[in-house]
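Student: I have a structure open on my screen and would like to learn how to read it. Could you walk me through a few features?

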Amino acid sequence: MEVTAASAAPREGSLGQTAPRAVRATGRGPAPLPQLHGVLVLRKPTGPSSAQCLTAIKRLGQRKIGHAGTLDPMASGVLLVLLGQATKLSGYLLEGGGKVYTGTLRLGQTTDTWDATGTLTAEAPWEGVSAARVREEIAAWRALAEQPVPSYSAAKHEGQPLYRLARKGLVAPSKVKRIEISQADTLDVSLPFVRFRVACSSGTYIRSLAHSLGTRLGCGAVLTELTREYSHPFGLDLARDPADFTADPTLLPGCVQPLSAALPCWPQVELMPDEAARVRNGVAVPCRTEATGERALLLEQGRALALAQRAATPAGPCWTVLRGLWN
């Protein structure tokens with residue numbers, strides 16, 4: 001959803017291959033962990049795909065697993081892994097989930113993927129571009145309301161990812177998507193390389209920002225490095241390397257963030273036992289006067305029970321279940 005692209009094939013030494021050996025290091029290996037429920041904040045390394053990172057965690061007994069936005073194999077940083085009941089939160093996390101990236105781009109080149117992993121399609125002199133012009137163009141990202149979708153991406157056309165069509169030499173219709181950029185700063189200019197930081201809406205293609213900048217400068221540009229520093233509502237401060245868990249699976253339970261931490265802006269309503277029983281049966285419960293907003297996270301003994309929507313009923317305002325979070 002965020003910086004999506006074609007998944008890289010498994011490589012020697014990648015997480016997709018090392019995870020089974022780590023789990024089986026002592027003969028038959030430890031018993032799989034029970035299914036956990038919450039958000040695991042991974043620090044994805046450069047190289048393996050997001051899918052390989054999830055597979056490494058899935059092999060630790062986490063059969064019900066998802067994510068809140070993938071990263072390209074070239075990119076590193078925050079990858080939110082949703083475990084158990086947290087898989088039901090994906091749409092709500094992405095709904096208002098801003099992201100922050102730092103990256104490096106190189107002027108003077110264009111590739112088919114719009115990053116340094118692709119095939120070089122053009123080169124042009126960059127020496128006539130000034131640092132001031134680069135800073136001006138990066139600041140202009142904040143005015144963008146839409147961007148072209150890279151042809152090598154996981155966006156779909158008639159059910160097929162665009163990268164599959166591109167690899168077959170097929171041409172798919174150009175796609176454009178809405179975006180919002182709230183921050184766009186130049187960190188360093190050492191031409192032809194430029195470092196930047198950008199805060200953006202979920203689904204923004206940073207490769208596309210680099211490509212469009214190169215087009216405006218008239219010399220081309222490719223993304224050479226990217227780190228996701230923040231994916232709402234978690235940052236790198238909570239992130240752990242996937243290899244930590246394949247080496248010692250017992251670390252996993254202590255690193256999973258509770259469901260309530262994933263929706264910090266949602267009011268939380270603690271239910272009485274009889275109310276919780278009604279919610280489990282899909283029955284609305286009266287709204288508490290202290291709870292504000294149209295949505296709330298309903299709790300049972302401090303644990304997330306359901307996502308709820310305020311609704312008007314003959315008996316007064318009530319919480320109706322949007323998504324149940326019980327087994």
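Student: Is Thr110 buried or exposed?

Tutor: Here is the general idea: buried means under 20% relative accessible area, exposed over 50%, and partly exposed in between, with a 1.4 Å probe and protein chains only. Thr110 has a relative accessible area of 17%, so Thr110 is buried. A word on the source: this is a predicted model, in which local features need pLDDT of at least 70, side-chain atom pairs count only at pLDDT 80 or more, and totals for chains, interfaces and linings use all residues. Residues are numbered from 1 along each chain as its sequence is written, and side-chain values use heavy atoms, with hydrogens and water left out.

Student: Where is Thr110 found, and which residues does Thr110 touch?

Tutor: Helices (H or I, at least four residues) and strands (E, at least two) are DSSP runs, numbered from the N terminus. Thr110 sits in strand E5, residues 109-111. Contact means heavy atoms within 4.5 Å. Leaving aside residues up to four places away in sequence, Thr110 touches Thr119, Leu120, Thr121, Ala122, His211, Gly220, Ala221 and Val222.

Student: How many aromatic pairs does a search of the whole structure find?

Tutor: Rings of Phe, Tyr and Trp (its six-membered ring) pair if their centres lie within 6.5 Å; planes under 30 degrees apart count as stacked, over 60 as edge-to-face and the rest as tilted. The search finds two pairs. Tyr92 and Trp266 are edge-to-face, at 5.7 Å centre to centre with 90° between the planes. Tyr92 belongs to helix H3 and Trp266 to the loop between helix H9 and strand E16, 174 residues apart. Both Tyr92 and Trp266 are buried.

Student: Why is the pair of Trp141 and Phe196 edge-to-face?

Tutor: The ring centres of Trp141 and Phe196 are 5.3 Å apart and the planes are at 90°, so this pair is edge-to-face. Trp141 lies in the loop between helix H4 and strand E7, and Phe196 in strand E12, so the pair ties together parts 55 residues apart in sequence. Trp141 is buried at 0% relative accessible area, and Phe196 also counts as buried at 0%.

Student: Which residues of helix H10 are buried?

Tutor: In H10, residues 273-280, they are Glu275, Ala276 and Val279. Seen down the helix axis, these buried residues fall within an arc of 100° (taken from the directions from the axis to the C-beta atoms), so they line one face of H10. The face turned away from that buried side carries the exposed Pro273 and Asp274. Strands E17, E18, E19 and E20 are among what covers the buried residues of H10.
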